[in-house]
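The stops below are given in the order in which to select them.

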Amino acid sequence: MTPFSYGVSALFVASMLATAVCGTTQLPLANPSFNTGDTSGWIVEGVQTKVTVFNVTGAGIFLNDAAADGEFVAGIVRRQDVRFYQDLSDLLTADNMYTFACHVGRAIDTTGPDMRTISMQIRSANTDEVLANQTVTEADVIVGAMKQFHVSFTPTLAEHGTPIRVGFYSTDRGKIAYVDKCSLFFGQFEPTTTTTTIKTTTTTTTTTTDFNIGEDGWVHFRNFDYKVFGDRNNRFIFGNAKEQCLQADGVDWRTFD
């Protein structure tokens with residue numbers, strides 16, 4: 001190596017080390033709280049995977065209809081090999097911490113299976129290599145509320161300039177895992193220790209529910225996903241809702257069993 005090339009290399013390394021920051025900068029994510037009412041800005045992939053955006057107002061999903069930000073949350077509904085992510089134009093800078101944070105919650109309704117386990121991850125957008133992972137399980141969340149979780153990663157010199165991918169991944173089955181208020185931070189991160197507001201009240205109400213059956217035979221209602229007709233091996237019918245769903249629109253689909 002010539003003295004000139006050595007000097008350039010040394011200056012390059014020194015300049016990168018000088019970029020280490022104090023404090024925190026929030027990097028922009030597309031549609032971080034799903035307040036568009038859909039998953040625009042995010043990529044959804046996987047086998048039989050569906051991510052649905054729910055309006056929590058009056059839906060009985062959370063106590064006080066309290067989402068982490070606004071009125072909408074994304075529910076990772078079904079089913080296998082879930083990949084729900086977005087790529088950023090920002091590139092990793094060596095020796096600086098990156099933190100992907102998001103609120104995760106499960107619905108008030110505790111009947112049926114546990115919430116599906118999801119992984120919050122930071123990946124390389126070039127190679128899809130997992131750089132950092134945080135698993136969130138049924139035991140970690142709060143019933144009827146949302147709680148912030150985060151995963152952090154500090155790239156090495158070899159990872160400098162890598163494009164960033166952040167998102168959620170799951171290979172488990174279970175109840176819907178709800179996510180909201182996603183953020184990506186650059187620099188030192190201070191986690192939020194509070195959850196969405198919980199207030200217990202006792203009320204008596206009478207409601208009627210319309211079940212809308214999609215062309216694929218699925219009904220989405222609150223924290224459940226029902227297979228009304230189609231391949232019987234893929235049906236997920238729970239409790240009394242089965243009777244209502246199977247007789248929706250005056251057609252008794254039980255005769256097709």
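Predicted model: local features only at pLDDT ≥ 70, side-chain atom pairs only at ≥ 80, totals over all residues.

Begin with Phe189: its relative accessibility is 8%, so Phe189 counts as buried (buried means under 20% relative accessible area, exposed over 50%, partly exposed in between, with a 1.4 Å probe and protein chains only).

Residues are numbered from 1 along each chain as its sequence is written, and side-chain values use heavy atoms, with hydrogens and water left out.

**Aromatic rings**

Rings of Phe, Tyr and Trp (its six-membered ring) pair if their centres lie within 6.5 Å; planes under 30 degrees apart count as stacked, over 60 as edge-to-face and the rest as tilted. How many aromatic pairs does this rule give? The count is eleven.

Select Phe34 and Phe84. Their ring centres are 6.0 Å apart and the planes meet at 20°, so this pair is stacked. The two residues come from distant parts of the chain, 50 residues apart: Phe34 sits in the loop between β1 and β2, and Phe84 in strand β5. (Strands are DSSP runs of E, at least two residues, numbered from the N terminus.) Phe34 is buried, with a relative accessible area of 0%, and Phe84 is buried at 0% relative accessibility.

Return to Phe185 and Phe189, which form a tilted aromatic pair, 5.0 Å centre to centre with 40° between the planes.

Now select Phe34, Trp42, Phe84, Phe100 and Phe168 together: ring pairs link these residues into a cluster.

**A charge over a ring**

Select Arg123 and Tyr169. Arg123 lies over the face of Tyr169, 3.7 Å from the ring centre (the criterion is NZ of Lys or CZ of Arg within 6 Å of the ring centre and within 35 degrees of the ring normal).

**Two loop residues**

Go to Ser40, in the loop between β1 (24-27) and β2 (43-45). Is Ser40 buried, exposed or partly exposed? At 35% relative accessibility, Ser40 is partly exposed. Its side chain makes a polar contact with the side chain of Thr36, at 3.4 Å (a pair of N or O atoms within 3.5 Å; within protein, one must be able to donate a hydrogen and the other to accept it, and residues adjacent in sequence count only if both atoms are side-chain atoms). The C-alpha atoms of Ser40 and Ala30 are separated by 7.7 Å.

Finish at Asn96, in the loop between β5 (82-91) and β6 (98-105). Asn96 is buried, at a relative accessible area of 2%, and its side chain reaches the backbone oxygen of Ala94 at 3.1 Å.

Terms used. Helix = DSSP H or I, 4+ residues; strand = E, 2+ residues; numbered from the N terminus.
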